[in-house]
Amino acid sequence: MHDPSSAPARRRFIPLVLLAGLLQAASSFAWAADSPLIGIWTGSYTCQSFTATPVTGAFTLEVADPDNALYQGVVRFAGSGGTRSPEQNAAYKAIGRFNARDRGFSFVPDAWLERPAGFSSMPLEGRIHDNGLSIEGTLRNCGGGQGSGTFAAQRQDADGTSAKRSLEESLEGLIEAAQPTASLEPFLGDWEGQLTCDPPSESPPSLRISLIGAGDTIASAAILTVPQDPRGPHRTLYGGQLETPDSVALLKQGQVYGLYPPHGSVGIYQDKITLALAGSGDQLTASMHPPRIGGTRCQGENIPLRRVGVPIALPPGVGPGVWAGYYFGDHIDLAEVKLNEARYLWGRSGAEQVRIVFAQTPQGLAGVYERVRPITESPLRQHRYAATIRPLVVLDDGRLLFAQMEILRDEGRSAPAPPRSGKEAFSLPRPLIIAGDADGHLLIEEYGWSPFLLRPATEAIQAALDAGEGPPLELPSGLGGALRAAPSVDAQCRALLGWWEPILSGTPAGSSRSPWSLERGLPLLEDTAFVPVFGLPYSLTTETERNALWNLIPLCARRVSPDLQWAYRPFEGSSVFEQLQAALINRRESADWISAAQAEVAQLPNASASLARLDAIAAQANQRAKEITPGERDALSGAIATKRDAIAIAVMLEKARTLDRWPNNLETLRELRTLLLDASMRSLAPDVRADLRSRARQKADAIATPILAKALETARAAPDTLDGLAVVTRATQETERLFDYLTPELGLDAARRMAEPIGARREALVRAPAIQQAFRDALMTADIHGEPRAAVEAEAERYVDRRVFSGSAAIAAYREAVRDAIARHEIASIDFADHSASALPGEPTAEDMLLAVKARIDEMNDQLRATLTRCRQGNPTDPIMAAECLALLIAAGQRSDFQMRMTRFGKIGCATAVNQAGFVCDYDVGFAIDSPWMRGRIGDLLGAGEVARGRFVRVQQGWLFTPVN
């Protein structure tokens, strides 16, 4: 709408009084003359550490005049969330630099003013927004260097607040400041005269000049009328300056659209007109370049003009008041705009907010014309332009032409280009052509652009505009509710955000993923949520209404909150609308179902038979998951869980009442243990819980006491023999099995104390030397069948627990007895033969060779058993060990260890070892093992299944065997 290059500013003509009044309305423009950074900026900051909750709070940057190009500043922080409490404020002096080219700045800490514990000073870097109203940037060293931070702030007023006086409130000062100077006042008004031409004419051309002014600024419309010219009068707009007390120079701005006839007509294409006072003040003389009308040249010097003094008649609807609206661009249907402005938002990021404030002055109507752009930015980031306007001339069609007299605000890209020199320094901004319409709107046309309309602004709208917000958008008439009542477009967006807020629960702010789903979104379309905001049920919205909302939501996402970016989904198109409408019907049915289901759950009897029905209700709730809200589903799940708990308690208490009839066995102890565990997870009244524990303890004592008494009697009666030890061992095992079923609540500690004599009796028998020797003799002479190790260990467990002869706590006499018995019975089980034909002096016998080879096999068994244990305990890092473990674990499978047993051995013959000690002997050997992998390992080592060879050397302990490959 606005071309900066065509509307140079005229700041040096703005009266100081006028500035004082209007800049209070636009106080954020109170910059220092040499730097836009100087001043006080207030806002907020966020510091995100990698190891702590984000810290948020108030942020202030105070910037003073620079000293040797370095800016002096004070940075203040006030924590209000996260890991820092509000009272922990921080402040420090800082020095910084400002780059006018890119409007960037940086500050580094210089000296502490207020230093709380645990707070690190933070350098900051940022940029002033193009409109000069806000700054934003990053904080370094957040969280002691472990994170990053951001800040955003806006300029304060001189009195320390950020409030703005309205333009309407400032009109009183504007009216005072808009008075022309005493020197300029004699020129103001309407002047008319006739030109003298050569050759003379009976009906000479007439010249009319209308003059208005404020301070030393003047605007003029010059109208040249040639009688009987069908093309009508020619008008040109001028802006000017007072040159002397007696004359004023009007410097032409240019031809004005709608004010002059078609190309080729007569005209006064003048760069300059000079007016001088004449007579007693009721006459002027105009001097300009001699105009040419056809072949006639007219006089250009000292054209006499007289004051006509006809006041401007205001068109209907144009008068004191406030109007606001939007300019959307060219090719706009104004009739459609009146009904649905949101339709024109899509793809029009350059659209502008417009406001006009009119007041009546002694010199006539005066006003302020304000434009704000772009509408897709938040109010703090928008660019603003404001100028005073005064009516200059009534056009032939009755519309009123207003001249923009003084520029009041020119923030950011909305600012006109600065004046350069010469005549451009005195050019006025584009004029406005204004008229009222039958609907009470103002129709505005700015030079070179399509017309647009403004609506009357209520007090609520004016208050919103004063706060920097935009006028409310006119939506289709069917929409109402909070959207219709909102006094600004920002309030309309906030209403949408409030409606959308429930769907954002659990969604990260600014998330790029859509939080929309049927399950979460359908509740927003219910009448209770939708009607208050939009004024009618979702199912009754029209395509036009939904399209208007679809266009409005992207604007709101940019202007108010990015969280609204996905709120367009319910308004996306007719097919989506039909799907959602059908889903709403299904949801309402599901809402009725879930209400009925909750009622049914509450009425179900507290009995086991109700559990099947609860399962069925829960399954149906899962099937309807997309049609019910998470809250409704959670409520139903909670009701089901409560009912299950009530059923469990009822069943539990029923069991407690029948404990006396339960059988006195270990299985009942198991049931009692489960019952008390279940009770610990239920909400029971203290007296009920105490009664349940008492009943369970009584039942447990009734079961355990006889078992313990019998075991104690048996232990005491057992003789001091190996068979007596076997009896006591069985009694001990029976008590320990009882302990496995008991808990402290069921009398475990008392049972252990009662069983202590049994343990003492067993310990005495185990430690008796005579019984230890009897244990060895019994194992050595036992009739063993099958695999010797398993058979011997089974025989040993007839008398003692395994822990007595195996493991880290084993008793040496019993461990050695079992080991020796296994060796003896393994040898006895081997198919042994001596096939040797002769004997050398000192050579090993067949039995010597068998024992030596078996010792080597036992050693390999022990090594493999230890390696298997290490492999199962953890993952080795050594790659060779890892490969060995993999093969060993595969070979072992589910076995706890390896049992490789020699099944056959035969001596073939020996010879004296050459250049070595001992004898080299051949032998035949066989093994019993069910692992092919281990069979191969043993075969490679000892030559299983064929004639093998080894060296046998006599040592102190016997014979040492070494395989010979």
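Leaving aside its neighbours within four places in sequence, Gln-492 is in contact (heavy atoms within 4.5 Å) with Pro-472, Leu-473, Leu-475, Leu-483 and Ala-486. The residue lies in helix α6; helices here are DSSP runs of H or I with at least four residues, strands are runs of E with at least two, and both are numbered from the N terminus. At 1% relative accessibility, Gln-492 counts as buried, where buried means under 20% relative accessible area, exposed means over 50%, and partly exposed falls in between (1.4 Å probe, protein chains only). Its side chain also reaches the backbone oxygen of Leu-483 at 3.3 Å. This is a polar contact, that is, a pair of N or O atoms within 3.5 Å; within protein, one must be able to donate a hydrogen and the other to accept it, and residues adjacent in sequence count only if both atoms are side-chain atoms.

The structure is predicted, with local features requiring pLDDT of at least 70 and side-chain atom pairs counted only at pLDDT 80 or more, while totals for chains, interfaces and linings use all residues. Residues are numbered from 1 along each chain as its sequence is written, and side-chain values use heavy atoms, with hydrogens and water left out.

The chain as a whole holds 23 helices and 32 strands. Of its 965 residues, 47% are buried. Among contacts with a separation of 6 or more, 62% join residues 24 or more positions apart. The accessible surface comes to about 45400 Å², and carbon and sulfur atoms contribute 52% of that area; accessible areas come from the Shrake-Rupley method with a 1.4 Å probe, and for residues only the protein chains shown count as cover.

At the start of α13, a side-chain oxygen of Asn-665 comes to within 3.3 Å of the backbone nitrogen of Glu-667.

Turning to the strands, β20 (residues 321–327) has seven of its seven residues buried, so it is largely enclosed by the rest of the structure. Strand β20 pairs in the antiparallel sense with β21 (residues 352–361) over seven bridges, pairing being assigned if DSSP finds at least two bridges between two strands. Here Tyr-326 stands opposite Gln-353 in β21. An antiparallel pairing over three bridges links β20 to β27 (residues 452–456), with Gly-325 opposite Leu-454.

Elsewhere, three strands form an open antiparallel sheet in the order β10-β18-β17. Its edge strands, β10 (197–198) and β17 (292–293), each pair on one side only. Strands β10 and β18 (residues 296–298) share two bridges, and Asp-198 stands opposite Arg-297 in β18.
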